[in-house]
Amino acid sequence: MAKEINTIGVLTSGGDAPGMNAAIRAVVRTAIAHGKKVKGVMRGYQGLLDEEIIDMGKHSVSDIIQKGGTILGTARCDDFRTAEGQKRGADICHKHGIDGLVVIGGDGSFQGAQKLAHLGVNTIGVPGTIDLDIACTDYTIGFDTAVNTAMEAIDKVRDTSTSHERCSIIEVMGRHAGYIALWCGLANGAEDILLPERYSHDEQKIINHIIDSRKIGKKHHLIINAEGIGHSTSMAKRIEAATGMETRATILGHMQRGGSPTCKDRVYASIMGAYAVDALVAGKSSRVVAYKHGEYIDFDIDEALAMRKDISEYDYNISKVLAR
Ligand code: ADP
Ligand code: F6P
């Protein structure tokens with residue numbers, strides 16, 4: 001029989017994502033509903049190692065569900081990648097009586113949670129990243145807000161692109177994952193979508209596509225480029241020189257990570273945060289919350305981290321058909 005959990009800690013780690021606050025709120029309020037104490041760990045694993053730990057009550061999460069960012073702050077912490085840092089982190093959890101910890105973040109943060117679990121701290125991961133690149137789950141907190149923010153910005157670029165009959169390269173976030181680029185490409189009706197998972201580095205193909213589109217009377221040419229491919233500004237110069245079509249690059253950057261979360265992000269974050277606490281209270285540890293085939297479930301953290309996912313070939317092909 002697992003030891004009863006009395007105090008639940010919560011932290012946010014890695015890149016922030018809209019909806020993280022809704023998840024924190026759900027963790028705190030569900031834990032309190034179970035009669036547990038709650039401690040907030042500030043600034044991810046960095047704050048854990050610096051012992052920036054606060055008591056949290058029902059009202060410490062008032063008025064945050066609609067806010068972007070994370071009230072706990074977040075960080076990337078190299079010390080926590082070391083065995084010494086992880087051991088110190090586990091000791092600090094024990095010292096503060098944290099016997100269950102909810103880690104809201106991406107794959108990297110889950111690896112930290114996995115190490116803490118192996119050192120005797122009960123941990124549950126909640127997927128929070130705008131990149132949608134966590135293999136075990138169909139949904140990650142923040143993706144919906146980020147793609148909607150990017151989509152609205154791209155619509156605006158499209159307007160001016162059409163007026164001036166220009167080509168526009170719009171760079172969206174995603175260093176290793178092209179989900180934001182693919183979704184925006186589909187939603188904004190882009191002529192070309194460049195994904196880190198698929199890019200052939202064949203610029204001539206894009207140039208030919210622009211020339212062909214001009215011949216059939218298209219007034220603009222939108223290219224959604226993922227951050228992982230990058231080089232949008234130099235690409236724009238080369239495309240303009242080769243096609244004679246004025247070309248501009250717009251890099252959307254961190255605006256995609258901020259802003260008030262959409263309804264979908266708030267609701268999924270609320271349920272996933274509550275689910276994580278229910279799992280800890282039920283004696284589970286070393287698990288990751290996921291949304292798969294229409295259901296909330298949990299996976300063993302080692303299994304979750306070993307899973308792989310890829311862009312849907314079908315969706316990618318459709319995007320090409322629709323752009324013709
Ligand atoms: P994300 O969680 O969004 O994927 P990162 O990959 O930057 O973001 O990871 C967030 C933090 O998680 C890192 O700064 C580090 O502190 C911790 N982390 C990442 N990988 C590991 C690892 N292999 N072992 C322990 N901690 C890790
Ligand atoms: O993981 C989310 C993300 O926004 C990625 O899309 C991007 O590559 C990275 O974080 C940027 O990180 P930073 O905030 O350190 O610039």
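Leu-132 is buried, at 6% relative accessibility (buried means under 20% relative accessible area, exposed over 50%, partly exposed in between, with a 1.4 Å probe and protein chains only). Leu-132 is in the loop between S5 and H5, and its phi is positive, near 60 degrees. Helices (H or I, at least four residues) and strands (E, at least two) are DSSP runs numbered from the N terminus.

Arg-43 is not a glycine either, yet has a positive phi of about 50 degrees. Arg-43 is in the loop between strand S2 (37-41) and helix H2 (44-49), and is partly exposed, with a relative accessible area of 32%. Most residues other than glycine have a negative phi.

## Basis of the model

This is a predicted model, in which local features need pLDDT of at least 70 and side-chain atom pairs count only at pLDDT 80 or more, while totals for chains, interfaces and linings use all residues. Residues are numbered from 1 along each chain as its sequence is written, chains are lettered from A and ligands numbered from 1 in the order in which they are written, and side-chain values use heavy atoms, leaving out hydrogens and water.

An open sheet is formed by 4 strands in the order S7-S8-S6-S9, with parallel pairing (two strands pair if DSSP finds at least two bridges between them). Strand S7 (192-194) and strand S9 (247-251) each have a single partner strand, so one side of each has no neighbour in the sheet. From one strand to the next, the twist averages 15 degrees. S7 and strand S8 (residues 221-226) are joined by 3 bridges; Ile-193 has Ile-224 in S8 as its bridge partner.

H7 packs on the sheet and touches strand S6 (167-172), S7 and S8, and its direction makes about 160 degrees with that of S8. Axes are lines fitted to C-alpha atoms, for helices over the stretch in contact, and angles run from 0 to 180 degrees between N-to-C directions. Glu-203 is in helix H7 (residues 203-215) and is buried, at 17% relative accessible area. Not counting residues up to four places away in sequence, Glu-203 touches Met-235 and Arg-238 (contact means heavy atoms within 4.5 Å).

## Aromatic pairs

The structure holds 6 aromatic pairs. Rings of Phe, Tyr and Trp (its six-membered ring) pair if their centres lie within 6.5 Å; planes under 30 degrees apart count as stacked, over 60 as edge-to-face and the rest as tilted. The Tyr-139 and Tyr-268 rings have centres 4.1 Å apart and planes at 45 degrees, so the pair is tilted. Both Tyr-139 and Tyr-268 are buried. Ring pairs join Tyr-139, Tyr-268, Tyr-291 and Tyr-296 into a cluster.
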